[in-house]
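Please examine the sequence and the three-dimensional model shown below. The paragraphs that follow lead through selected features in turn.

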Amino acid sequence: MSKYKGCGAEVQWIKTTSGKAMPLDMQRQTIVTLEGQVVSGFTSHFATCPNDNNFRKGAN
């Protein structure tokens, strides 16, 4: 667990299958897929960060 530099939120870091680091929000989410399967996981912090435009490539 660490703080995200863009907004100070507590995040958990993972490595994606392509080897890139991705911050995740700490609250676990439960969703139902279109096939009706119930899965549990975390939301990418890139999707919820209030300062996300400051960190996107080519944002300036």
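The model is predicted, so local features need pLDDT of at least 70 and side-chain atom pairs count only at pLDDT 80 or more, while totals for chains, interfaces and linings use all residues. Residues are numbered from 1 along each chain as its sequence is written, and side-chain values use heavy atoms, with hydrogens and water left out.

His 45 is buried, because its relative accessibility is 3%; buried means under 20% relative accessible area, exposed means over 50%, and partly exposed lies in between (1.4 Å probe, protein chains only). Setting aside residues up to four places away in sequence, His 45 touches Tyr 4, Cys 7, Ala 9, Val 11, Pro 23, Leu 24 and Asp 25, a contact being heavy atoms within 4.5 Å.

The sheet is open and consists of 4 strands in the order S1-S2-S3-S4, with antiparallel pairing; two strands pair if DSSP finds at least two bridges between them. Strand S1 (2-3) and strand S4 (38-44) form the edges, and each has a single partner strand, so one side of each is left without a neighbour in the sheet. The partner of S1 in the antiparallel sense is strand S2 (residues 10-15), and 2 bridges join S1 and S2. Ser 2 has Val 11 of S2 as its bridge partner, and Val 11 is also among the residues that His 45 touches.

Which residue forms a salt bridge with Lys 3? The partner is Glu 10, with the closest N and O atoms 3.5 Å apart; a salt bridge is a side-chain nitrogen of Lys or Arg within 4 Å of a carboxyl oxygen of Asp or Glu. Side chains of opposite charge can pair when their charged atoms come close. Lys 3 is exposed, at 57% relative accessible area, whereas Glu 10 is partly exposed, at 36%. The structure holds 1 salt bridge.

How many disulfides does a search of the whole structure find? The search finds 0, a disulfide being a pair of cysteine sulfur atoms within 2.5 Å. The cysteine sulfur closest to that of Cys 7 belongs to Cys 49 and is 3.8 Å away, which is too far for a bond. Cys 49 is likewise in no disulfide. Cys 7 is partly exposed, at 29% relative accessibility, but Cys 49 is buried, with a relative accessible area of 5%.
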